[in-house]
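Subject: Structure for your files

Hello,

Here is the structure I said I would pass on. My notes on it follow below.

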Amino acid sequence: MATDPTPRPLLAAELLSVGAEITFGETLDTNAGEIARSLVAAGVRVGRVTALPDDLEVVAGAFRDALSRADLVVSTGGLGPTPDDLTREAIAHVLGETPAVDPALLAWLEGLWARRGLPFPAANVKQAWVIPSAQPLPNPNGTAPGWFVDAGDGRVIVALPGPPREMRPMWSDEAWPRLRARGVGRGLVVRTLRLSGIGESQVADLLGEELLRATNPVVATYARHEAVDVRISAFDEPADEGRPARSAAELADAAEAAVLAQVGDHVWARGTTSWAEAIDAALASRGLTLATLETGTQGALATLLAETTRRRRAEIVEPAEPEGPAPEDEAVAPTMDPPVEPVDGDPLAAAALGLRARAGVDVALAARARPRGRDMVLRVAIATDRGVRMATRAVFLSGSQGRHRAGIAAALVLLRLLEAEAAEAAGPAVRPAV
């Protein structure tokens, strides 16, 4: 049933990964993630990603259901020559069309075997099948052509081979240009705010259900290894029933303002910025160099800042004997303590000052983490040309996770001090900006 495609914006997609090797857990499906990322970047909402066994009824049902919800369905796998490769049959069944051998495809396939001096297997004839609604997609890296299918009402199916070395070039070189010509996606703005010193559940509570359940813009939280990310994604919104059109940027601006009003004090970076990049930028803006010394963390801070180009020395000191727990009454301050005099005062402050002198750097950080109950207490001293400042932080959990969190807490103390000193140097009207 060949039909001319009706103009239809391709704004919602579903992905189908076909193959028992995926549902059996024998093969990791990386295809869906790659395709989803490229679609989302173009402003397409990916509603579902589904793994399917090699069962005609199941695969056909999945195509039928996906087409009822989405404008675009992209499948990977099931295009081989064996009886359990059923993607072509499933699409044909759903659309009520009969596959036929394409002479040009068959000649191409036969040529692949002929040039190797091998007889052409009869099983591979099905790889030359095409239905009236489909355009074949060339596959210079294998024997399985893909399909670009006009599925009626302007909907599109793209069927791609499963092996990534075949899928990737077919998606980027063949399918994507066709989708672009059909007007896939819409204007999209994505912003990511990186937070520290607060848990994902706390962030969600502060942002509230109304903001987190909105569909445009979409505000979502993600607990990463080194941060809690708040991702804001907004699409262009056309005028509707007396409401003016709004751009993706306008919608993202409003959502970002709402997020910052609740958790702005915890934002330390944007996008995919790492701790090493954030610290590097703060040091480079004033031409500063850094040295670090840490105890009780097994080098967590050194590892976190491994790519920091402005650090000149990293010292890791672990006591010969395990230290006792931190005192129960040791204060945990939410902000930097006032500058202290290290010579006759705190040993950690003296350690920071000594490190600064022997390393010949502008900024020296000394950190010491000790367990307290099931958690840890981190003390940080930072020596600059303005003296030594100290901070004490409670760190959730102990052991390897606690040590990693202690490294992040130390990096945050350092970043905030560098921002504060930069603001002081610039004048009272200037505030640190993330």
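The axes of helix α7 (residues 200–207) and helix α9 (residues 248–263) come within 9 Å of each other and cross at roughly 120°. Axes here are lines fitted to C-alpha atoms, for helices over the stretch in contact, with angles from 0 to 180 degrees between N-to-C directions. Helices (H or I, at least four residues) and strands (E, at least two) are DSSP runs, numbered from the N terminus. Val203, Leu206 and Leu207 of α7 meet Val259, Gln262 and Val263 of α9, where contact means heavy atoms within 4.5 Å.

This is a predicted model, in which local features need pLDDT of at least 70, side-chain atom pairs count only at pLDDT 80 or more, and totals for chains, interfaces and linings use all residues. Residues are numbered from 1 along each chain as its sequence is written, and side-chain values use heavy atoms, leaving out hydrogens and water.

There is also an open sheet of 5 strands with mixed pairing, in the order β14-β13-β15-β16-β17; two strands pair if DSSP finds at least two bridges between them. Its edge strands, β14 (311–317) and β17 (387–395), each pair on one side only. Strand β13 (residues 290–295) runs parallel to β14 over 6 bridges, and Thr295 has Val317 of β14 as its bridge partner.

On confidence, the chain has a mean pLDDT (the predictor's confidence in each residue, from 0 to 100) of 91, and 91% of its residues reach 70 or more. Residues 1–6 stay under 50, and residues 430–434 are below 50 as well.

Regards
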